[in-house]
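Dear colleague,

I am handing over the structure below, with a short account of what was found in it. Please read the notes alongside the model.

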Amino acid sequence: MPVRQSPPVRDMSEQQQRGWCCVWCREPLGVSLGTDLGEQRIVPATGAAYSWFPRECPDAAACAGRAAG
């Protein structure tokens with residue numbers, strides 16, 4: 001399965017950054033649902049560095065359909 005590059009963190013909601021919603025389609029992800037994409041570290045040009053924790057939907061086909069719509 002090809003790995004997609006995550007969308008820019010600046011374009012994501014807090015819920016997406018914290019792994020509460022899918023990074024692609026914004027669908028809410030319950031506890032233990034979704035695929036963990038691992039801790040990501042951001043070092044902005046100004047301000048402090050921080051971590052974010054993206055997750056994506058477990059059903060890639062359904063996710064792609066929601067993201068396109």
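In what follows, a residue is called buried under 20% relative accessible area, exposed over 50% and partly exposed in between, with a 1.4 Å probe and protein chains only. By that rule C57, at 6% relative accessibility, counts as buried, and C21 is buried as well, with a relative accessible area of 12%. Of the 69 residues of the chain, 23% count as buried.

This is a predicted model, in which local features need pLDDT of at least 70 and side-chain atom pairs count only at pLDDT 80 or more, while totals for chains, interfaces and linings use all residues. Residues are numbered from 1 along each chain as its sequence is written, and side-chain values use heavy atoms, with hydrogens and water left out.

On the cysteines, a search of the whole structure finds zero disulfides, a disulfide being a pair of cysteine sulfur atoms within 2.5 Å. C21 is in no disulfide, and its nearest cysteine sulfur, that of C22, is 8.5 Å away. For C57 the closest cysteine sulfur is in C25, at 3.5 Å, which is too far for a bond.

As for the fold, the chain has two helices and four strands, taken as DSSP runs numbered from the N terminus (helices H or I, at least four residues; strands E, at least two), and along the sequence they follow the pattern α-β-β-β-β-α. The C-alpha trace spans about 35 × 25 × 20 Å along its principal axes.

With kind regards
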